[in-house]
Number of protein chains: 4
Amino acid sequence: MMEDTRNEELAGLRAVQPIRIGARTTVGELVTGLQGCAFGAGRLARAVAIYEAMLTEETTKFLGIAGALVPAGMRSVLADLIRDRYVDVVVTTGANLVHDIIEALGSHHYLREIEQTSVGGVPEDVWLRRHNVDRIYDLVVHDEAFAKLEAFLHGIFERLDERRYTIRELLTAIGEHISDRNSILRCAVESNVPVFCPALADSMIGLHAWIYMQSRRLEVDVFADMRELIEHFSVANRTGAIILGGGVPKNFIFQAALVAPRPEGREGLDYAIQLTTHTPEDGSLSGATLEEARSWGKISGGAKTVTVHTDATIALPIIVAALRERMAQRTVR
Amino acid sequence: MMEDTRNEELAGLRAVQPIRIGARTTVGELVTGLQGCAFGAGRLARAVAIYEAMLTEETTKFLGIAGALVPAGMRSVLADLIRDRYVDVVVTTGANLVHDIIEALGSHHYLREIEQTSVGGVPEDVWLRRHNVDRIYDLVVHDEAFAKLEAFLHGIFERLDERRYTIRELLTAIGEHISDRNSILRCAVESNVPVFCPALADSMIGLHAWIYMQSRRLEVDVFADMRELIEHFSVANRTGAIILGGGVPKNFIFQAALVAPRPEGREGLDYAIQLTTHTPEDGSLSGATLEEARSWGKISGGAKTVTVHTDATIALPIIVAALRERMAQRTVR
Amino acid sequence: MMEDTRNEELAGLRAVQPIRIGARTTVGELVTGLQGCAFGAGRLARAVAIYEAMLTEETTKFLGIAGALVPAGMRSVLADLIRDRYVDVVVTTGANLVHDIIEALGSHHYLREIEQTSVGGVPEDVWLRRHNVDRIYDLVVHDEAFAKLEAFLHGIFERLDERRYTIRELLTAIGEHISDRNSILRCAVESNVPVFCPALADSMIGLHAWIYMQSRRLEVDVFADMRELIEHFSVANRTGAIILGGGVPKNFIFQAALVAPRPEGREGLDYAIQLTTHTPEDGSLSGATLEEARSWGKISGGAKTVTVHTDATIALPIIVAALRERMAQRTVR
Amino acid sequence: MMEDTRNEELAGLRAVQPIRIGARTTVGELVTGLQGCAFGAGRLARAVAIYEAMLTEETTKFLGIAGALVPAGMRSVLADLIRDRYVDVVVTTGANLVHDIIEALGSHHYLREIEQTSVGGVPEDVWLRRHNVDRIYDLVVHDEAFAKLEAFLHGIFERLDERRYTIRELLTAIGEHISDRNSILRCAVESNVPVFCPALADSMIGLHAWIYMQSRRLEVDVFADMRELIEHFSVANRTGAIILGGGVPKNFIFQAALVAPRPEGREGLDYAIQLTTHTPEDGSLSGATLEEARSWGKISGGAKTVTVHTDATIALPIIVAALRERMAQRTVR
């Protein structure tokens with residue numbers, strides 16, 4: 001190989017270093033190899049580096065969860081992140097909590113190969129409907145799971161105190177009644193990690209809360225959580241966000257980051273990682289760049305950020321496995 | 001041209017009919033030409049046909065709005081849909097209402113060409129932050145607009161009655177104080193079209209409501225809207241949804257469609273149109289197919305549906321222009 | 001409405017002007033309305049403005065065609081662009097020419113609704129295979145069409161002169177034998193618009209050329225077209241590209257723009273429009289920004305460019321209809 | 001946790017099994033954990049399982065390479081796949097070979113953070129152009145690298161025999177002159193793996209071949225490779241394709257699979273894996289489903305296939321690392 005005369009225009013830039021893969025590679029080693037790569041590979045490695053900085057630099061870590069990650073098999077990954085305090089505050093869609101409870105109650109989600117559709121029979125989704133099975137892309141869940149959920153929730157609502165609950169408090173109360181140690185909500189209670197769900201009304205939990213309210217007393221204050229969420233920003237040293245998918249959790253975390261009173265001269269998140277398949281071209285928040293968030297002051301001008309444009313079910317396990325390996329190595333030293 | 005011997009395997013299928021474009025084509029004529037095309041073109045034409053069926057067959061029409069459509073210039077299109085009762089019920093993100101009020105208060109959004117970035121200066125979004133300008137993809141808005149919004153909202157909150165408001169009622173109260181005739185919220189009040197916003201807490205309106213609540217009395221019931229929304233489904237003859245972008249509005253409409261009591265043997269939406277750039281592969285609800293919704297019973301087994309995979313700012317004006325032309329022609333006859 | 005105090009930070013920026021839609025709108029009027037909008041809407045309007053500049057400023061216009069646009073119903077739109085010299089040079093995938101000839105020979109493509117798949121029968125694509133029907137997303141074509149194509153091509157190959165042909169010359173020879181006036185290849189011959197197809201080997205035309213070569217004489221020079229394509233750049237006053245979908249045609253046009261000798265101080269395309277659903281995040285050329293092409297010198301530093309991130313079957317008819325209307329108005333004046 | 005009464009409608013379906021991640025996980029273990037997950041995670045695991053089947057069941061493996069994978073850092077991964085005969089036949093875009101040679105000649109690609117753009121300076125890509133630096137998304141390469149490439153290629157062309165070369169033969173000749181052991185082209189020569197590049201004309205190699213032809217003798221037959229590629233299908237026991245990105249390589253492999261004579265009763269590929277960010281909605285081949293390919297007979301009715309909708313720079317290293325681990329374990333047993 002000839003020598004490369006480094007051109008001065010390229011001063012300060014790192015050369016792409018092609019990754020090599022051996023016979024038995026740990027995920028941490030793989031990610032180290034990806035550090036010298038471009039496109040999604042390099043961004044994935046950068047996400048790990050940023051998350052590692054959050055874990056080692058006394059950072060309050062906010063996790064935003066959107067998309068059906070729990071039914072897709074990410075439940076334990078998320079629960080363990082909470083248990084081991086890889087995250088300090090959770091903001092989620094209601095659906096992920098619904099499916100967390102469903103699994104806690106002993107029901108399961110099932111894999112259904114969707115590419116082999118067929119001719120001469122009943123339309124697939126009509127067939128599923130007739131059999132009381134509900135589909136989420138390539139997985140399905142039985143209506144029975146939702147019946148169990150309903151009974152469970154009404155049982156909890158009955159035992160609540162006669163006071164107004166914030167959504168966070170209501171979710172804590174639910175978590176306290178879950179015995180499944182793999183549950184996100186239970187882990188959150190045990191680890192003292194608050195779970196916020198600003199659009200709870202837009203979920204089966206919200207629906208059953210509302211049904212219960214029609215005949216019984218149940219008071220939920222949707223706005224009160226804002227004080228608590230903002231407080232987590234205000235008392236933080238550094239702050240970081242891990243955004244899975246976008247949606248309301250992304251906006252709610254960023255909104256709190258924007259309005260929280262911070263020490264003089266500081267504003268916005270110090271770190272942010274975003275895993276999403278959405279792209280910015282249609283102007284939607286889910287696909288919006290993290291750069292854009294700097295213009296609002298939601299992310300600080302000097303923050304370290306990266307967006308990995310991929311399905312979170314692919315990127316999240318890799319990031320978590322690499323992080324666990326690196327953190328274990330740090331402990332050993 | 002030789003004759004085509006129609007193969008029997010193709011029985012019942014329409015041949016693609018290439019569109020021809022003349023020197024002065026109305027949007028309605030263009031869409032008629034697209035009816036014989038495949039891919040996005042054919043689906044756009046099908047969306048118009050389905051919407052036209054909703055408009056002519058006594059259908060309660062639910063509009064879901066997600067994505068920054070109002071700042072992008074769709075505000076009057078949406079307001080006019082309400083005014084002319086092309087929609088009967090609106091479910092939206094808070095952001096679209098925030099920007100509707102901002103424009104009603106005399107502020108504007110501005111276009112910013114983002115492709116020409118530069119070297120040797122200040123990072124663009126940091127520069128914008130320093131100048132109090134906030135970016136949404138290729139448009140910007142000044143912080144001043146949000147200051148006006150705050151003053152306006154607090155003024156309204158002060159004049160509210162001493163009772164608990166549903167979110168829908170709160171939005172009606174705001175709409176009553178808007179004088180701009182192009183405002184979505186004002187049009188909704190004037191046309192008696194309810195506006196629901198289940199994740200209001202996740203918006204500047206929710207934020208200011210919460211700030212106000214810290215020192216003054218303001219009670220908002222987030223769950224109560226469900227009864228009213230479900231009622232719109234229950235009393236409807238036929239039901240249809242126009243989903244722009246997905247998000248919470250899509251889920252909230254579909255959830256109501258699922259749980260609303262309907263006449264014996266009927267369930268789910270009879271029509272559904274979805275305009276979105278999201279695709280189903282990551283399992284997110286925004287990209288989920290309308291077929292999948294049939295398995296849940298959110299859409300009826302025999303419903304007419306179509307998804308147009310495109311930026312709603314492109315597809316919506318075309319659909320609306322074609323519909324207006326067709327409806328005008330029907331009136332003439 | 002209150003007055004907007006224009007902030008000086010926004011100096012030079014246009015305010016978003018919400019589009020209004022009347023009862024009978026021409027496509028040209030619609031696009032004029034979109035000029036004041038952001039996101040895809042504004043970009044679509046900008047594409048029309050850039051194309052209009054190409055048509056009125058003595059520009060050699062290169063059209064790149066990738067994706068199955070011909071079977072989808074865009075055949076006449078493309079043929080008419082050639083006939084009316086809205087384009088001067090065409091670079092295409094082989095597939096679009098294959099389907100152009102198939103339609104010229106009297107076969108058709110058929111629409112097939114793909115969302116209604118079914119359970120309990122034969123997998124759809126296996127069923128289609130058994131019935132000799134080939135699928136392209138939501139359209140199908142019968143194997144018989146390819147049999148006719150084969151016979152037609154072999155008939156032409158037999159009548160060719162005993163000399164080496166460039167691909168462009170071979171395509172001209174084919175076009176001369178097509179009687180269907182709506183054919184792209186025939187229109188190109190009649191209008192003296194060259195059609196290049198650098199990856200012809202990767203198509204049924206290339207396949208049949210190769211089969212023919214096994215037993216008969218047929219010589220095709222794949223590299224020779226480069227001189228001719230480059231010549232079109234070199235003699236041009238201004239140059240513009242309309243890129244549909246990306247792929248090899250995009251690269252081939254850009255490569256020629258890069259290496260063509262131009263007058264002192266000029267380099268690269270002066271105008272470029274790109275209609276594609278691909279986005280840049282995976283580093284593929286199809287989704288690459290037009291800004292990136294400036295770093296190579298493929299597009300000039302001061303060129304006017306825009307990418308509309310949408311299915312070309314949606315955007316192309318709108319752009320063409322708006323252009324025809326504007327050009328007709330210019331003629332009248 | 002309560003027991004799940006398995007509903008009979010779900011008979012035969014596997015329950016989603018949430019993945020757990022320990023402190024030191026190999027990539028193979030991670031992928032095993034993903035097997036019980038849905039969405040992209042489950043598909044990634046399925047891709048590994050299908051590739052493992054190809055490696056253990058005497059399958060001729062065709063690799064299609066599109067997108068700038070070599071400059072992005074995948075060069076050694078691809079070269080090692082060839083060296084270790086994880087692939088038997090390669091079909092690629094010209095660009096990947098161009099960048100393979102560039103690195104073989106001692107030049108490098110460099111990483112450039114693109115998210116931090118700036119105001120008040122020179123547009124980034126114009127700045128790069130002035131400094132003779134070319135950008136591919138978030139990496140750059142200096143023009144000097146292309147000057148070296150030109151000198152190298154002309155030197156090879158001069159030493160070629162006076163006969164007509166197929167593209168495959170020309171690429172072999174180039175590979176024979178490369179001394180860098182990490183080069184894809186050199187590995188292919190050493191391992192006797194043919195490299196096809198049907199659209200070579202659409203690359204810098206094709207460009208320089210053409211320039212050379214203007215003054216010197218060089219004859220390249222573009223069609224002749226088809227016989228050789230088809231032959232690989234015809235003599236194969238089983239056949240499998242790994243498609244990275246789509247484009248011409250995907251089509252060329254599938255076209256050969258379609259027309260290659262096979263034993264009675266067999267047709268199409270037996271295995272296929274596709275890694276791409278493109279989705280099917282715009283009808284482009286790159287995003288087309290592998291199911292669709294069954295209707296053409298390009299993939300057999302009973303083939304095992306999967307599409308992972310993600311950037312190949314993310315998925316490929318994971319798949320390769322997991323495969324190497326599994327194959328090593330098989331050897332040990």
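This is a predicted model: local features need pLDDT of at least 70, side-chain atom pairs count only at pLDDT 80 or more; totals for chains, interfaces and linings use all residues.
**Stop 1: chains A and B**

Start by showing chains A and B together. Each side brings 48 residues to this contact: 48 from chain A and 48 from chain B. To see where the chain A side comes from, select helix 5 (124-130), strand 6 (133-136), helix 9 (204-215), helix 11 (247-259) and helix 12 (290-296) of chain A, the elements that each give two or more residues to it. Now color helix 11 of chain A on its own: with six residues, helix 11 supplies the largest share of the side that touches chain B. If you color by residue class, the chain A side shows 24 nonpolar, 13 polar and eleven charged residues.

**Stop 2: the axis between them**

Keep both chains on screen. How many degrees of rotation superpose chain A on chain B? The rotation is 180 degrees, with 0.0 Å of shift along its axis and an RMSD of 0.0 Å. That is how a two-fold axis relates two copies. To find your way to the axis, select A199(A): in chain A, its C-alpha is the nearest to the axis, at 2.4 Å. Of the interface residues of chain A, 100% are also interface residues in chain B, so the copies meet through the same surface.

**Stop 3: chains A and D**

**Stop 4: a helix pair in chain D**

Now zoom in on chain D and pick helix 1 (residues 27-34) and helix 13 (residues 312-332). Their axes lie 8 Å apart, and the helices pack at an angle of about 105 degrees, which makes them roughly perpendicular. Show side chains for V27(D), G28(D) and V31(D) from helix 1, then I318(D), A321(D), A322(D), E325(D) and R326(D) from helix 13: these make the contact. The contact residues split into five nonpolar, one polar and two charged.

**Stop 5: a sheet in chain A**

Finish back in chain A, in cartoon view. Three strands form an open sheet in the order 3-7-6, with antiparallel pairing. Strand 3 and strand 6 of chain A are the edges, each pairing on one side only. Two bridges join strand 3 to strand 7 of chain A. For a closer look, select Y110(A) and its bridge partner in strand 7, V140(A).

Notes. Residues are numbered from 1 along each chain as its sequence is written. Chains are lettered from A and ligands numbered from 1 in the order in which they are written. Two residues are in contact if their C-beta atoms, placed from the backbone, lie within 7 Å. Helices (H or I, at least four residues) and strands (E, at least two) are DSSP runs, numbered from the N terminus. Ala, Val, Leu, Ile, Met, Phe, Trp, Tyr, Cys and Pro count as nonpolar, Asp, Glu, Lys and Arg as charged, and the others, Gly among them, as polar. Copies are superposed by least squares on the C-alpha atoms of residues with pLDDT of at least 70 in both. Axes are lines fitted to C-alpha atoms, for helices over the stretch in contact, and angles run from 0 to 180 degrees between N-to-C directions. Angles under 35 degrees count as roughly parallel, over 145 as roughly antiparallel, 65 to 115 as roughly perpendicular and the rest as oblique. Two strands pair if DSSP finds at least two bridges between them.
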